[in-house]
Amino acid sequence: MFKLIEYKRSKDLNKRKKPLKYTKIPKTNKKISKIGFGTRQLKLNANSDYLRRLIDTSIDLGINFFCTSSNYQEGKVEAKLGQLLSGVRDEVMVATSGGVSHRDGKIIVDSSPVALEKGIQQSLKNLKIDYLDHFEIHFHDPLTPLEESLSYLSDLLENDIIKSVGTSSFHTDILKKWEELIPTSLVQVPLNPMQTKAYNSVLGTCQQLNIGILTYSPLLGGFLAKKLNQFPSYLNKMFYSPDNWQNSVIQLTHNLAELSQETNKTISQLILNWILTHEELTSVLVGTNSIDHLIENGLIVDHPISSLLVERIDKIINSQIELLQTNNIRDKPRFEAIVESISTNPEGDYVATFESGLKISVPRQYKVGAKLYLDIETGEVIKHVFS
Ligand SMILES: NC(=O)c1ccc[n+]([C@@H]2O[C@H](COP(=O)([O-])OP(=O)(O)OC[C@H]3O[C@@H](n4cnc5c(N)ncnc54)[C@H](OP(=O)(O)O)[C@@H]3O)[C@@H](O)[C@H]2O)c1
């Protein structure tokens, strides 16, 4: 298998192994590695030397994009990443997202200029840097006019405090509005064998508006990377998933495990290679705390898969997706959300705030206590119960 020793950092930058490919971040002159380092899962209590080696190994593999959020563990992940990147700041690009803070265990979605400013100042402090290579507004805030949020971000762009902007709100009407108001570089969407809807829904708009696509959750939080016999119980607690969806995921991992054995590539390598066949995407964010997994993922570009193998992976994925094609709410994995309060935004639209703190624009018949079922992939309302 892979030898860690090969990845000891070389003092001479030119001697380091950098097998990854790079894509330009639209509307900038910066190039980003096809695989980016996601930090949502970063273990804060892990051995510091090990984490340092994890970062060093990423850089040696050619990863130059580190993506975090003020939302992860209330800024503690940003602070850890700041420590880990000290001394290598000039070699990497650092991205974070904001417009979200925490109070009493709940999230507060707020993209007002005052909240953005406070959050960005804190992120810079956490990360111990004086500019951000990329900043994203994490959740759309329907209570703040987008013009106000983006006018503030335009000032930061002009003053080089941030070098590019983007959003994790991947609805095309929101994206189009963004591009009217600010040069938008990137949008983040989930993309993995079980979640292709969001990517496909933004692709055309992104191509038209020259917005790059950062994809996340390539391994659906990691559990697609192993052959499953049972649906992980922690996922059952996070969202409701019908039996046929769970069975489909399990079957998918079995089919990929068979292919993995036959081809001598890990499931993760098969999936990441399949994701990278979506050539329009700018970079895929993968999260890991394991140096071995990092190397396994980072080396895939050195080991491309044949078009025949891509076809076989497509076939495995499509057979599961076809099984799941249904318009029936009972068969869709979903979050349940209860409306905690209703407010009106400056445009006169109704905005529901849920117990979790998330906010969405809703029709006027919504009242406190209404129950909504949200698609786990897109966050769209798939059913509401008003009683
Ligand atoms: N904008 C958004 O709303 C949003 C949402 C979700 C995620 N993200 C970003 O995307 C990044 C990645 O997404 P994610 O964390 O949801 O999911 P992911 O990358 O699909 O899964 C991460 C998990 O996969 C495991 N893993 C990675 N490589 C592996 C390998 N080769 N073999 C076996 N297991 C492997 C890791 O465990 P080990 O530590 O054991 O390797 C880790 O727990 C996040 O860190 C975050 O930066 C953004």
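How do the residues of the shell around the ligand divide into nonpolar, polar and charged? Eight are nonpolar, 16 polar and two charged. Keep in mind on this tour that the model is predicted.

**Stop 1: the ligand.** Select the ligand and the residues around it. The shell holds 26 residues. Start with the closest ones: Gly38, Tyr216, Gly222, Ser268 and Gly287. Next, colour strand 12 (283-287) and helix 10 (291-298). These are the elements that give two or more residues to the shell.

**Stop 2: helix 10.** Stay on helix 10 and show its side chains. Leu294, Ile295, Glu296, Asn297 and Gly298 are buried here. Now bring up what the buried residues of helix 10 pack against. Two of the partners are strands: strand 3 (35-38) and strand 12. The others are helix 1 (48-61) and helix 9 (267-275).

Stop 3: Five strands form an open sheet here, in the order 15-14-13-16-17. The pairing is antiparallel. Look at the edges: strand 15 (359-362) and strand 17 (381-385) each have a single partner strand, so one side of each is left without a neighbour in the sheet. Neighbouring strands are turned by 40° against each other on average, direction ignored.

Stop 4: Select strand 16 (residues 371-375) together with strand 17. Four bridges join this antiparallel pair. For one of the bridge partners, pick Lys371 and go across to Val385 in strand 17.

Note on methods: Residues are numbered from 1 along each chain as its sequence is written. This is a predicted model: local features need pLDDT of at least 70, side-chain atom pairs count only at pLDDT 80 or more; totals for chains, interfaces and linings use all residues. A residue is near a molecule or strand if its C-beta atom, placed from the backbone, lies within 6 Å of it. Ala, Val, Leu, Ile, Met, Phe, Trp, Tyr, Cys and Pro count as nonpolar, Asp, Glu, Lys and Arg as charged, and the others, Gly among them, as polar. Two strands pair if DSSP finds at least two bridges between them. Axes are lines fitted to C-alpha atoms, for helices over the stretch in contact, and angles run from 0 to 180 degrees between N-to-C directions. A residue is buried if 20 or more other C-beta atoms lie within 10 Å of its own, exposed if 12 or fewer, and partly exposed in between; C-beta atoms are placed from the backbone. Two residues are in contact if their C-beta atoms, placed from the backbone, lie within 7 Å.
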